[in-house]
Amino acid sequence: MDYTIFAVIIFVVALLVFGGVFLIRPRRPEAPPKAPPQERGGGTGTATAEPEAEAPPEEAAGPVVAPEPVPEAPPAPEIEMPPPSAGRLVRLRARLARSQNALGKGLLSLLSADRLDESTWEEIEDTLITSDIGVTAATQIVESLRTKVKVLGSRTPEEVRGLLRAELLAQIETDQDRAVRTEPHAGVPAVVMVVGVNGTGKTTTTGKLARVLVGDGRSVVLGAADTFRAAAAEQLATWGSRVGAPVVRKDEGADPASVAFDAVSRGIADGVDTVIVDTAGRLHTKTGLMDELGKVKRVIEKKTPVNEVLLVLDATTGQNGLRQARVFAEVVNITGIVLTKLDGTAKGGIIVQVQRELGVPVKLVGLGEGPDDLAPFDPEAFVDAILGDADQ
Amino acid sequence: MFETLSDRLTSVFSSLRGKGRLSEEDINATAREIRLALLEADVALPVVRSFIAQVKERAQGAEVSKALNPAQQVIKIVNEELVEILGGETREIRFAKTPPTVIMLAGLQGAGKTTLAGKLGRWLAAERNTPLLVAADLQRPNAVTQLQVVGERAGVPVFAPEPGNGVGDPVAVARASIEQARRNNHNVVVIDTAGRLGVDSEMMQQAADIRDAVQPDEILFVVDAMIGQDAVNTAQAFLDGVGYDAVALTKLDGDARGGAALSIRHITGRPIMFASTGEKLEDFDLFHPDRMASRILDMGDVLTLIEQAQRTFEEDEVAKMASTLASDDDFTLDDFLQQMAMVRRLGPISNLLGMMPGMGQMRDQIGNVDEKDLDRIAAIIQSMTPEERRTPKIINGSRRLRIANGSGTQVSDVNGLVTRFFEAQKMMRQVKAGGGMPGMPGMPGMPGALPGGRKKGKAQAKKAKKGKQRSGNPLKAKQQEAERAAERQRRREEGGDQQQMPQLPPGLGGGQLPPGLGGNGVPDLSNFKLPRK
């Protein structure tokens with residue numbers, strides 16, 4: 001055994017030496033080979049009549065946009081017709097307000113104290129840390145809030161609250177589009193891949209997303225590329241049958257890339273609007289599995305570019321979420337984040353770091369087990385809900 | 001990324017060597033660092049506070065031992081304290097006097113209950129029990145099917161009278177399962193329940209009803225090692241709602257540091273009984289508190305690394321590696337290629353490196369290691385002729401060009417590889433001759449300084465690496481520069497008195513920690529705040 005230790009260490013070390021060669025050398029600007037930017041559906045698309053500005057499909061529409069016309073009911077009688085996406089945001093606010101008030105209240109009561117002394121600031125920092133925002137980000141938020149309070153001489157709770165709101169918003173704000181690209185382009189369906197570690201809710205998210213799309217009158221094909229976990233395909237099939245979306249699946253243990261390929265082929269053949277590929281949960285530390293994921297994406301891209309790769313993150317995830325996101329981003333170049341299980345006591349603060357480091361926006365949030373508990377992520381609503389003024 | 005606690009503390013203590021006793025200031029100075037390290041590991045804030053208070057009390061006035069520097073000593077105390085909390089009372093499953101013994105699983109959605117049920121079933125069966133798995137998760141679509149499949153794989157019967165998908169009463173299922181077990185002589189019943197949130201009072205009530213219906217002998221709270229600050233809330237909610245006797249930690253095969261283990265143990269006092277470390281049914285084990293402690297402190301986990309190596313490598317492979325090392329022949333590029341392939345099977349290189357203790361300052365570089373670079377190295381070597389691989393000395397200019405063309409790289413890459421290889425070869429020779437491992441160029445974290453001449457190359461390599469990670473912020477860059485200078489200086493000084501080499505990076509037990517050297521990523525301390533007592 002001693003020898004094993006010794007041997008392993010030496011090898012790792014030797015590797016590092018060699019690895020060093022390449023580390024020293026300035027990295028080649030090898031941006032992941034992006035598929036040529038596809039013209040977005042707008043003009044060419046068939047089903048999508050939304051103007052480009054609203055192109056943020058269904059979800060991003062929010063309450064501002066008039067709900068999409070209710071589509072004709074799909075054929076089979078037992079199929080449910082999920083409600084369209086508009087109006088979901090209202091629920092988001094309500095839920096967040098319910099689950100996350102603790103943070104907001106705590107912060108505000110602290111901020112409205114007569115004197116903002118050292119320990120108050122530290123407590124604010126602690127409160128932020130408790131929401132998994134991370135030590136660095138929390139310190140930063142507090143620092144900048146502190147400076148602002150000093151400069152502006154703000155003392156009233158309202159002012160400070162406004163500053164805090166702005167600060168939190170600045171942390172999760174991004175100029176990137178938060179819309180999920182699900183509209184077909186040039187007659188080819190949009191392809192959405194759902195990835196993540198085990199047990200974050202990928203299959204559930206896939207099912208919910210399909211419902212949202214069907215509710216908005218799109219046609220959807222689901223690809224059950226989770227061929228590893230027992231009964232994952234059945235789980236997805238159950239979701240699919242509820243909304244009448246066909247599920248492409250194979251036996252357990254089949255090559256997920258082939259399932260994904262078949263799903264996309266079927267989507268193209270049937271002329272559907274969107275193909276959603278659910279992948280098996282995999283820990284980001286498993287190289288083999290991550291390679292497999294890369295392969296799934298590459299294989300799909302033989303048919304048509306993947307428009308959206310959604311990383312599903314669990315709101316309860318702690319600092320490890322950042323590492324997960326980093327590795328997944330490297331392998332499949334994620335384009336959006338879905339934050340699930342936000343209906344619990346967890347605050348999901350990790351997204352602040354993830355968004356900041358990777359620049360990948362949070363696009364959707366999962367708010368519960370109900371089939372329609374998926375909503376677009378709206379930073380303003382998110383922050384407002386955190387601060388506990390959802391009803392204002 | 002963050003440095004390991006030991007590196008951070010060492011940097012705090014760099015000016016405090018040779019004191020006779022740990023003073024209060026020393027301890028306070030480390031408290032913030034420990035706090036940060038624990039928070040980064042997702043230990044819940046209240047737990048961090050009380051833990052630090054505890055550590056402080058113990059560290060107060062402790063004799064400074066001759067063998068350890070103050071930083072190491074504090075870490076030793078922290079580590080011991082952690083192990084004590086985590087492992088305080090380990091226990092086995094309590095079997096009921098009159099079978100069946102009922103074990104109920106509860107936890108959040110996606111924590112891994114169903115998979116754990118299968119693993120537990122398999123483990124119990126291996127211990128000569130006759131378990132029965134009960135599908136009482138009637139909520140999630142096809143959870144029942146999943147349990148059936150898992151049970152089949154584990155070779156354990158599954159009791160699933162209801163199809164699930166929202167149909168059926170889990171309480172009734174649980175109740176019926178006990179009868180079923182009695183009839184069929186199963187001595188253990190494992191009840192898989194639906195995932196639920198702590199705030200969902202309806203579902204918690206349901207769990208409590210199941211509990212009341214079957215009177216379980218053990219309730220296991222299944223929790224994901226990746227969980228963050230919310231661990232305390234959830235653990236408390238489940239304790240209040242259902243109550244549990246022990247905890248099973250899942251997904252430990254990821255790189256989450258699993259501070260939740262500490263939080264839950266600290267808050268609820270319930271022991272952690274099982275650790276689930278992989279996707280296969282056999283990846284299930286009793287919990288090892290000492291390893292968890294090192295993991296939380298991010299001290300590197302050599303034991304895990306070794307275990308992983310043992311699992312991955314066949315014995316004859318290891319023997320072959322060993323013989324290559326022991327033989328008098330020089331280390332060749334072929335050997336290297338082979339070893340690289342083997343090591344890569346262990347997982348991403350950055351992970352492996354992360355498991356080595358004392359690699360703190362390398363974090364940035366480690367983070368930058370791209371697996372593709374390794375592919376490129378392999379490509380270069382594979383573009384060489386067998387002769388060249390055996391004796392890389394013959395690689396001249398034209399051969400280099402050919403190799404570069406053949407592997408799709410630049411001549412400079414080939415050059416770099418060859419030069420590096422010679423260095424490594426020299427090192428291997430030393431290893432063979434001395435039996436110890438000299439420090440490595442470009443590896444400041446390894447304990448033990450290099451014998452004289454090599455130092456220069458090391459400093460250069462280091463400098464080159466650092467050059468490109470200079471911060472964009474000029475102020476910060478300047479500060480980093482200053483730190484680096486200080487670090488280089490210190491390294492030179494240490495070079496003299498650290499000739500002898502510890503056998504192995506100790507990593508565990510906190511006995512002898514690699515001193516490491518304060519790194520370039522030292523957190524900005526200008527705003528140094530001490531945690532309140």
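**Entry 1. A stretch of chain B**

I began with residues 271–284 of chain B, where the chain is 0% helix and 43% strand and the end C-alpha atoms are 17 Å apart. Helices (H or I, at least four residues) and strands (E, at least two) are DSSP runs, numbered from the N terminus. From UniProt, in an unreviewed entry, I noted the feature "domain: SRP54-type proteins GTP-binding" at residues 271–284 of chain B. UniProt positions are given in the numbering used here, feature names are shortened, and annotations may be inferred rather than shown by experiment.

**Entry 2. Basis of the model**

I recorded that this is a predicted model, in which local features need pLDDT of at least 70 and side-chain atom pairs count only at pLDDT 80 or more, while totals for chains, interfaces and linings use all residues. Residues are numbered from 1 along each chain as its sequence is written, chains are lettered from A and ligands numbered from 1 in the order in which they are written, and side-chain values use heavy atoms, with hydrogens and water left out.

**Entry 3. Chain A overall**

I found 13 helices and 8 strands in chain A. Of its 392 residues, 60% are buried; buried means under 20% relative accessible area, exposed over 50%, and partly exposed in between (1.4 Å probe, protein chains only). The accessible surface of chain A comes to about 14,200 Å², and 56% of this belongs to carbon and sulfur atoms. Accessible areas come from the Shrake-Rupley method with a 1.4 Å probe; for residues, only the protein chains shown count as cover. I also looked up contacts (heavy atoms within 4.5 Å). In chain A, among contacts between residues at least 6 apart in sequence, 78% join residues at least 24 apart.

**Entry 4. The sheet of chain A**

I traced an open sheet of 8 strands in chain A, with the order 3-2-4-1-5-6-7-8 and mixed pairing. Strand 3 (247–248) and strand 8 (374–376) of chain A each have a single partner strand and stand at the edges, so one side of each is left without a neighbour in the sheet. Two strands pair if DSSP finds at least two bridges between them.

Strand 2 (residues 220–225) and strand 4 (residues 274–279) of chain A pair in the parallel sense over 6 bridges, and Val220(A) stands opposite Thr274(A). Strand 1 and strand 4 of chain A also pair in the parallel sense, over 5 bridges, with Val192(A) opposite Ile276(A).

Is strand 4 of chain A enclosed or left open by the rest of the structure? I found 6 of its 6 residues buried, so strand 4 of chain A is largely enclosed. Thr274(A), Ile276(A) and Asp278(A) are buried on one side, and Val275(A), Val277(A) and Thr279(A) on the other.

**Entry 5. Helices on the sheet**

I saw helix 8 (residues 232–243) of chain A lying across strand 2, strand 3 and strand 4 of chain A, at about 170 degrees to strand 2 of chain A. Helix 11 (residues 320–332) of chain A packs on the sheet, where it touches strand 1 (190–195) and strand 5 (308–314) of chain A, and its direction makes about 165 degrees with that of strand 5 of chain A. Axes are lines fitted to C-alpha atoms, for helices over the stretch in contact, and angles run from 0 to 180 degrees between N-to-C directions.

**Entry 6. Leu313(A)**

I located Leu313(A) in strand 5 of chain A. Leu313(A) counts as buried because its relative accessibility is 0%. Which residues does Leu313(A) contact, leaving aside its neighbours within four places in sequence? They are Gly321(A), Gln324(A), Ile337(A), Val338(A), Leu339(A), Thr340(A) and Val354(A). The C-alpha atoms of Leu313(A) and Val365(A), 52 residues apart along the chain, are separated by 9.5 Å.

**Entry 7. Backbone details in the loops**

I noted a positive phi of about 55 degrees at Asn333(A), which is not a glycine. Asn333(A) lies in the loop between helix 11 and strand 6 (336–340) of chain A and, at 26% relative accessibility, counts as partly exposed.

In chain B, Asn185(B) has a positive phi near 60 degrees and sits in the loop between helix 7 (170–183) and strand 4 (188–193). Asn185(B) counts as exposed, at 62% relative accessibility.
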